[in-house]
Amino acid sequence: MAWALKLPLTDEVIESGLVQDFDASLSGIGQELGAGAYSMSDVLALPIFKQEESNLPPDSDNKILPFQYVLCAATSPAVKLHDETLTYLNQGQSYEIRMLDNRKIGELPEITGKMSIIRVVFHDRRLQYTEHQQLEGWRWNRPGDRILDLDIPMSVGIIDPRANPTQLNTVEFLWDPSKRTSVFIQVHCISTEFTMRKHGGEKGVPFRIQIDTFKENENEEYTEHLHSASCQVKVFKPKGADRKQKTDREKMEKRAPQEKEKYQPSYETTILTEVSM
């Protein structure tokens with residue numbers, strides 16, 4: 001089957017949903033599983049998310065989504081109960097994203113193949129409005145580097161992976177929902193690279209890991225949007241994410257029990273939250 005992704009259409013759809021969802025819900029701007037086969041899935045745009053696969057938080061509504069993405073990286077314990085989760089990543093480290101299909105046999109029409117786009121985008125709206133200039137500035141300062149890469153040797157079940165040389169923050173691949181799929185990503189930019197330097201101190205900006213999935217239309221082109229999801233992350237220099245996670249944990253341990261109740265527990269994995277178009 002031909003893979004004829006119409007990027008201009010896809011980008012238009014994604015950017016439209018992105019701005020709408022940000023305006024509505026934001027203020028300002030891995031390893032394989034066991035040997036048993038499992039299925040997979042997808043999602044677009046960006047609002048607020050919950051967590052976890054094995055120990056879901058009590059307020060997850062017990063909602064079983066037909067598709068789900070699980071980023072194998074722990075969430076921060078220093079996030080208040082009703083805020084969106086935040087996950088720390090190390091620059092250049094490979095992180096697994098499990099592509100899960102939760103549908104029961106016969107529950108929904110069978111989908112024989114999908115194409116997913118993974119991208120790193122800005123969380124802050126003010127940076128979204130200047131995204132092109134921000135990415136061009138990064139390209140100028142880091143010639144030859146990419147913001148996002150696939151770790152192809154570690155990935156399982158992906159077909160025809162592609163990294164467009166003009167879109168440094170985007171990767172694409174085909175996958176079969178009837179087979180186990182785990183994709184490993186590497187983020188090479190760090191959050192402080194997009195921060196204004198003020199008086200010697202910097203606070204890194206948050207990014208979003210966003211996945212948009214499409215199926216074939218009648219012309220065997222992957223342009224029919226199926227599902228989208230994203231999560232909030234910050235990226236640190238190598239080992240910086242581990243130090244930040246430890247610091248957050250130690251700060252929470254020092255808080256009074258009544259204060260701790262105002263914060264989410266840290267979950268071992270991050271579930272990308274589904275977003276409607």
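Two strands pair if DSSP finds at least two bridges between them. On that basis, β3 and β8 pair in the antiparallel sense over four bridges. Helices (H or I, at least four residues) and strands (E, at least two) are DSSP runs, numbered from the N terminus.

This is a predicted model, in which local features need pLDDT of at least 70, side-chain atom pairs count only at pLDDT 80 or more, and totals for chains, interfaces and linings use all residues. Residues are numbered from 1 along each chain as its sequence is written, and side-chain values use heavy atoms, with hydrogens and water left out.

**The five-stranded sheet**
- The order β5-β8-β3-β1-β11 describes an open sheet with antiparallel pairing.
- Its edge strands, each pairing on one side only, are β5 (148-150) and β11 (270-271).
- Strands β1 (residues 67-71) and β3 (residues 95-101) run antiparallel and are joined by five bridges.
- Val 70 has Arg 98 of β3 as its bridge partner.
- Glu 96 has Phe 184 of β8 as its bridge partner.
- Three bridges join β5 to β8, again antiparallel.
- Asp 149 stands opposite Gln 186 in β8.

**Strand β8**
- Six of the six residues in β8 (residues 182-187) are buried; buried means under 20% relative accessible area, exposed over 50%, partly exposed in between (1.4 Å probe, protein chains only).
- Ser 182, Phe 184 and Gln 186 point one way, while Val 183, Ile 185 and Val 187 point the other.
- In a regular strand the side chains alternate between the two faces of the sheet.

**Nonpolar cores**
- A nonpolar core is a set of buried Ala, Val, Leu, Ile, Met, Phe, Trp, Tyr and Cys residues joined through side-chain atoms within 4.5 Å.
- The largest has 36 residues, of which Leu 71, Ile 97, Ile 118, Phe 207 and Ile 209 touch the most other members.
- Strand β10 (residues 222-236) contributes the most to this core, with four residues.
- A separate core of five residues includes Ile 117, Leu 174, Phe 214 and Tyr 222.
- Beyond its neighbours within four places in sequence, Ile 118 has contacts (heavy atoms within 4.5 Å) that include Ile 97, Leu 148, Phe 173, Val 183, Ile 185 and Ile 209.

**Ser 191**
- Ser 191 lies in the loop between β8 and β9 (207-216).
- Ser 191 is buried, with a relative accessible area of 3%.
- The Ser 191 side chain reaches the backbone oxygen of Val 205 at 2.8 Å.
- Leaving aside neighbours within four places in sequence, Ser 191 is in contact with Gly 204, Val 205, Phe 207, Lys 234 and Val 235.

Note on methods. A polar contact is a pair of N or O atoms within 3.5 Å; within protein, one must be able to donate a hydrogen and the other to accept it, and residues adjacent in sequence count only if both atoms are side-chain atoms.
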